[in-house]
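Here is a brief report on a two-chain model. Have the sequence and the 3D view open as you read.

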Amino acid sequence: MEAAIEFILDRYNYWIVIILMMTGLYIVFARGNLVKKVVGLNLFQTSVFIFYITIGKIAGGTAPIYRGDEVGHGGDHGDGDHVNGDHGGGHHGEGGDESEGHGSEQNGDHGEGAGGAHSAADPSAGQDAEGLHAKVDNTALDHSNDLKEALRNVDPAPAHGGESLHVLPEADADKIANNVLATDLKTPPANGFDVGDADGVAAEGADNTVDGAIDGAVDAALQGAGEIIIYTNPLPHVLILTAIVVGVATTAVGLALAVRIREAYGTIEEDELEAADDIAEFGHLPGAPSQASAPPPASSGAPA
Amino acid sequence: MNLIAQLPVLPVIMPLVMAPLTLLLPKGRAPYFWATLSSWLTFAACIWLFMDVSAKGEISYFLGDWAPPLGIEYRVDLANALVLLLVSGIAAVVFPFGYQSVKLEIDERQSPLFYCAMLICMTGLLGVTITGDAFNVFVFLEISSLSTYALIAMGARRDRRALTAAFNYLVMGTIGATFFVIGIGLLYQATGTLNMADLHDRLIGEDNRMIEAGFAFILVGIGLKLAMFPMHLWLPNAYTYAPSVVTAFLAATATKVAVYVLIRFFFSIFNFDFAFISAAFTYVLLPLGLAGMFIASLVAVFQDDVKRMLAYSSVAQIGYMLLGLSFATVEGLTASLVHVFNHALMKGALFMAVACVVLRAGSHSIHAFAGLSKRMPVTTWAFLIGGLSLIGVPLTVGFVSKWFLLDAAFSAGYWYAGFLIVASSLIALLYVGRVAEVMLLREPAEEGKYVLPKQDAPLSMLIPMWILVAANIYFGVRTDLTGDIATRAAEALMRMAGGAP
């Protein structure tokens with residue numbers, strides 16, 4: 001019993017969605033007044049907005065609004081707080097290998113939105129498209145001066161699947177890795193660069209010298225990486241903004257039609273409209289319930 | 001940054017930009033010429049795109065140069081290149097056709113608005129077809145639907161019932177679109193992507209309740225948009241009371257595009273590994289397709305309004321398309337695609353003939369068609385050839401469709417479906433024959449409401465109409481053209497869906 005209650009309470013937003021949806025649909029079907037129908041339609045659409053917002057929500061996440069004051073924090077999280085132990089030390093050297101195979105492992109995490117931790121690295125490495133799928137780390141965005149430029153560099157051909165976006169082009173990776181390693185670490189250059197994150201829960205620092213973009217997962221944040229902002233997934237918000245515009249347009253057209261119907265028929269009650277049409281077509285009501293209730297048909301709808 | 005590299009976006013961007021400019025033009029002829037010009041330019045771009053695709057294979061275009069899955073992708077393969085060609089081609093014929101008819105049926109002050117809405121509707125339909133992004137489909141679907149509601153309501157000048165028809169369509173269409181967007185949301189929740197190719201990749205091997213629910217929502221949503229049999233109630237009124245030109249355009253394109261979306265979702269996003277896909281084929285599309293074929297055809301026989309009769313016949317013809325899909329074979333899919341193309345040609349021609357009659361007789365009641373062959377012989381013959389094509393007489397496109405469909409039915413083992421296809425064609429013979437009898441054998445009315453002047457429709461209407469009629473015959477003889485392309489498109493789709501080819 002308790003489990004059942006918990007099951008219901010945990011998903012309260014879905015219940016709101018379902019109740020709103022059913023209310024809206026019921027109004028559309030059951031009400032004869034055209035304006036009420038439009039309102040019902042509106043309720044129905046609103047439930048979908050809430051549904052989409054639910055999809056995008058990440059526990060502990062804040063609104064996906066970029067906060068400029070976070071600039072510069074990114075570099076601090078490098079290898080420090082929340083890098084997986086096994087990755088932390090060695091990943092410069094094994095960069096070449098690591099950059100493969102991340103995409104597929106991350107796929108599983110998008111659904112809940114809470115998983116997928118990602119890291120992006122540096123201006124030209126800011127192309128972690130998956131990061132934007134799940135949540136955008138502001139530092140990643142900030143440090144990628146031209147995300148679009150970077151995206152284009154990422155071999156646009158194999159556009160299926162996420163993998164391609166996780167792998168830097170060989171040449172670029174070399175350059176970055178060489179720069180980084182030559183200036184700061186004095187270790188032999190590697191031929192690859194880690195952009196993705198294998199684990200999907202733990203965050204992984206890309207590099208502390210590159211003003212690295214680090215995307216913290218929920219638990220990483222709880223570990224005390226306070227500067228990391230967890231954003232809810234912005235994409236559903238964008239989608240729902242579009243859907244809201246569509247909804248407003250639909251409502252506007254629907255109400256405008258109701259106004260025109262009222263001009264042409266003198267009523268916006270569905271049964272009276274049907275009666276008026278029947279009288280216009282057959283000269284009487286089929287079965288003739290109450291002749292008086294039907295208003296006299298207006299002249300055949302000349303535009304005002 | 002040359003124009004050729006931007007080719008895939010042109011069919012959408014050109015009418016989209018040219019549509020609002022229509023509003024700046026003076027009332028009268030100017031909006032008509034402008035709209036016609038833009039439909040021709042769009043058609044040219046679509047032909048070019050089609051040539052490109054059939055020569056070099058699939059084209060992928062990144063909108064704003066944002067690579068998918070992050071950005072929106074336009075993806076053109078043979079299947080949607082064919083639909084693009086169809087939509088823009090019909091527009092390129094219907095727009096020049098419309099001048100006289102629009103002048104009669106639309107208030108002249110509204111003519112810039114009318115052509116603007118037509119162009120936006122075309123934009124939406126082309127956008128739905130070309131895009132490779134699932135959410136983008138919703139947006140374009142609503143762009144075309146919203147302009148369609150307005151266009152249908154413009155029929156109110158002749159008959160105020162156009163307003164209630166448009167309102168009912170708005171309610172049903174919005175419910176459909178919202179169902180569709182719920183389905184997209186569920187898929188997004190399951191996969192984290194909206195790009196169609198990406199969705200396809202990530203759905204492989206996944207099978208859970210959420211995806212099932214998403215699929216069901218999408219099926220119902222698109223089913224409403226394409227007037228799948230029990231959800232077709234908005235269609236007859238909308239087609240009957242809309243201005244004649246609008247009906248000709250919509251009947252030939254809107255439902256076809258919705259069928260294409262259904263095909264795209266069934267074959268390119270979901271795959272045959274899902275048990276519910278084959279269940280949907282066997283228990284939803286097959287019976288509903290068959291029911292639509294029969295019930296809607298039977299209803300059509302009893303209609304006294306020719307436009308309404310043709311509208312019910314459209315519902316029935318959609319049944320054929322769904323039936324072809326439901327076989328889930330290359331042959332079935334080919335038949336479906338061929339019929340999408342062919343039905344657009346025949347219904348376009350038929351509704352254009354009705355528009356000519358409305359121009360002269362002022363009505364689309366069957367009584368207005370009495371003795372039409374003596375008053376408007378050229379229009380009569382256009383209607384007859386379109387009607388024969390609808391029945392499926394050899395040398396017309398209708399025959400080609402039925403041939404492919406029968407072939408698919410028998411090779412898929414649904415022999416009873418084959419017989420039902422033939423049987424429902426006989427019902428089509430009944431309702432087309434009824435109009436033909438009135439046109440050919442009755443004497444024209446001498447007095448009363450339906451007196452016809454002895455004058456055929458103007459050349460500006462006859463020429464575009466006969467272009468479509470000629471296409472009906474041309475593609476009925478050169479079956480290899482549509483057949484080959486549809487087969488190649490169907491094979492590509494089947495490969496993607498992972499079904500046995």
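## Where the two chains meet

This is a predicted model.

Which residues of H3(A) meet H7(B)? They are A:Leu34, A:Lys37, A:Leu41, A:Phe44, A:Gln45, A:Val48, A:Phe51, A:Tyr52 and A:Ile55. From H7(B) come B:Phe167, B:Val171, B:Thr174, B:Thr178, B:Val181, B:Ile182, B:Gly185, B:Tyr188 and B:Gln189. By class, this contact of H3(A) with H7(B) holds 12 nonpolar, 5 polar and 1 charged residues.

## A:Val28, beside the contact

A:Val28 sits in helix H2 of chain A, residues 12-30. Is A:Val28 buried or exposed? A:Val28 has 21 C-beta neighbours inside 10 Å, so it counts as buried. The cut-off for buried is 20 or more.

Leave out residues up to four places away in sequence, and A:Val28 touches A:Lys37, A:Gly40, A:Leu41, A:Phe44 and B:Val171. A:Lys37, A:Leu41 and A:Phe44 are also among the H3(A) residues that meet H7(B). B:Val171 is one of the H7(B) residues in that contact. A:Val28 and A:Leu41 are 13 residues apart in sequence. Their C-alpha atoms are 6.2 Å apart in space.

## Chain A overall

Chain A has 14 helices and 2 strands. Of its 304 residues, 42% count as buried. Take the contacts in chain A between residues at least 6 apart in sequence: 68% of them join residues at least 24 apart.

## Chain B overall

Chain B has 20 helices and 2 strands. Its C-alpha atoms fill a box of roughly 70 × 55 × 40 Å along the principal axes. A compact globule of 501 residues would have a radius of gyration near 23 Å. Chain B has 21 Å, which agrees.

Buried residues make up 66% of the 501 residues in chain B. Among chain B contacts between residues at least 6 apart in sequence, 80% join residues at least 24 apart.

## A helix pair inside chain B

Now look at helix H1, residues 10-22, and helix H5, residues 111-130, both in chain B. Their axes come within 8 Å and cross at roughly 165 degrees. H1(B) and H5(B) are therefore roughly antiparallel to each other. The crossing is left-handed.

On the H1(B) side the contact uses B:Pro11, B:Val12, B:Pro15, B:Leu16, B:Met18, B:Ala19, B:Pro20 and B:Thr22. On the H5(B) side it uses B:Pro112, B:Tyr115, B:Cys116, B:Leu119, B:Ile120, B:Met122, B:Thr123, B:Leu126, B:Gly127 and B:Ile130. The contact of H1(B) with H5(B) has 15 nonpolar and 3 polar residues, and no charged ones.

## Two buried helix residues in chain B

B:Arg264 lies in helix H11, residues 244-269. B:Arg264 counts as buried because 25 C-beta neighbours fall inside 10 Å. B:Met196 is 68 residues away along the chain. The C-alpha atoms of B:Arg264 and B:Met196 are separated by 8.9 Å.

B:Gly386 lies in helix H16, residues 377-391. B:Gly386 has 28 C-beta neighbours inside 10 Å, so it is buried too. Setting aside neighbours within four places in sequence, B:Gly386 is in contact with B:Met346, B:Ala349, B:Leu350, B:Ala353, B:Val469 and B:Asn472. B:Asn80 is 306 residues from B:Gly386 along the chain, and their C-alpha atoms are separated by 25 Å.

Most residues other than glycine have a negative phi. Which way does phi of B:Asp65 go, positive or negative? B:Asp65 has a positive phi of about 65 degrees although it is not a glycine. B:Asp65 is in the loop between strand S1 (59-62) and strand S2 (73-76) of chain B. B:Asp65 counts as exposed because it has 12 C-beta neighbours inside 10 Å.

B:Ala227 also has a positive phi, near 60 degrees. B:Ala227 is in the loop between helix H9 (209-225) and helix H10 (234-241) of chain B. B:Ala227 is buried, with 28 other C-beta atoms within 10 Å.

Conventions: Residues numbered from 1 in each chain as written. Chains lettered and ligands numbered in written order. Predicted model: local features only at pLDDT ≥ 70, side-chain atom pairs only at ≥ 80, totals over all residues. Contact = placed C-beta atoms within 7 Å. Helix = DSSP H or I, 4+ residues; strand = E, 2+ residues; numbered from the N terminus. Nonpolar A, V, L, I, M, F, W, Y, C, P; charged D, E, K, R; others polar. Rg over C-alpha atoms; globule rule 2.2 N^0.38 Å. Axes fitted to C-alpha atoms, helices over the stretch in contact; angles between N-to-C directions. Parallel < 35°, antiparallel > 145°, perpendicular 65-115°, else oblique. Left-handed = near helix turned anticlockwise from the far one by under 90°.
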